[in-house]
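Please read the points below with the model open alongside.

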Amino acid sequence: MDITNRDVREITMSKKPNKEKLLDKVKDEKPVKSKILTLPILIIGFLVVVFGAYMLYAMTHMHVTSKTETSTVKTSSGSEKASSSTKKYVAGKDYKITYNNTDLIDKSTITKALDANGLNDINDLMDTSEDGGDMAKVEVYYNKDKNLLVENLFKNGHSSNKATTAVVYDLKNNQIVNSGVNYDTNYQPTWLVYTWEKLTK
């Protein structure tokens with residue numbers, strides 16, 4: 001069978017448009033494929049950003065919460081301390097104060113010396129905690145010749161008649177001159193002028 005020039009042209013012409021159509025199809029498909037690949041990348045990127053923002057928020061919130069909790073704990077422990085320190089102890093019921101020999105020394109002088117040593121703080125004297133005074137009794141003696149007060153302190157549970165500790169206070173210079181159980185005999189007390197005693201057990 002003879003193939004004429006016309007037939008060859010027809011064959012080649014008919015193939016050419018098909019080839020172009022195929023190329024056009026391929027060209028059209030490439031952007032679709034790239035769009036399909038781009039979509040998951042965008043989704044992953046979005047999720048990373050959202051997750052990162054959430055983590056940042058969570059970390060910041062946790063830090064703020066822990067700070068708040070810490071300050072709450074501090075505040076509550078502070079308020080507990082404050083409430084214990086403002087507890088009202090009643091004279092005659094919880095403790096007893098007795099002044100003796102007031103003609104030798106006035107009450108205000110004794111009070112001033114007790115304030116200087118923290119022995120006028122009833123709450124502290126009554127406090128049995130580790131930080132408290134935990135006292136059963138305080139006796140204050142006056143040495144008139146040397147113008148001294150000798151404060152004998154008796155802790156709760158102390159069995160001996162000897163003080164747990166003693167503080168010697170110089171009234172002239174308003175200062176402690178000696179403290180401890182074995183104070184100098186030169187500071188030997190003479191007159192009992194003040195007694196504080198815990199009544200409640």
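Is Lys137 buried, partly exposed or exposed? Lys137 is partly exposed, with a relative accessible area of 25%; here buried means under 20% relative accessible area, exposed over 50%, and partly exposed in between, for a 1.4 Å probe and protein chains only.

1. Basis. This is a predicted model, in which local features need pLDDT of at least 70 and side-chain atom pairs count only at pLDDT 80 or more, while totals for chains, interfaces and linings use all residues. Residues are numbered from 1 along each chain as its sequence is written, and side-chain values use heavy atoms, with hydrogens and water left out.

2. Salt bridge. The term stands for a side-chain nitrogen of Lys or Arg within 4 Å of a carboxyl oxygen of Asp or Glu. The count by this rule is one. Lys137 and Glu139 form a salt bridge through their side chains, at 3.2 Å from N to O. Glu139 is buried, with a relative accessible area of 13%, whereas Lys137 is partly exposed.

3. Nonpolar core. A core of this kind is a set of buried Ala, Val, Leu, Ile, Met, Phe, Trp, Tyr and Cys residues joined through side-chain atoms within 4.5 Å. The largest one has 21 residues, and the members touching the most others are Val138, Leu149, Val193 and Trp196. Two or more residues each come from helix 2 (107-117), helix 3, strand 2, strand 3 (148-155), strand 4 and strand 6 (191-198). Strand 2 supplies the largest share, four residues. Helices (H or I, at least four residues) and strands (E, at least two) are DSSP runs, numbered from the N terminus.

4. Val193. Contact means heavy atoms within 4.5 Å. With neighbours within four places in sequence set aside, the contacts of Val193 include Ile105, Ile110, Val140, Tyr142 and Leu149.

5. Leu125. This residue of helix 3 is buried, at 1% relative accessible area. Leaving out residues up to four places away in sequence, Leu125 touches Leu119, Gly133, Asp134, Met135, Val138 and Trp196. The C-alpha atoms of Leu125 and Lys198 are 8.5 Å apart, although 73 residues separate the two along the chain.

6. Backbone angles. Most residues other than glycine have a negative phi. Asp134 has a positive phi of about 55 degrees and lies in the loop between helix 3 (122-126) and strand 2 (135-143). Asn174 also has a positive phi, of about 50 degrees, in the loop between strand 4 (165-170) and strand 5 (175-179). Asn174 is partly exposed, with a relative accessible area of 38%.
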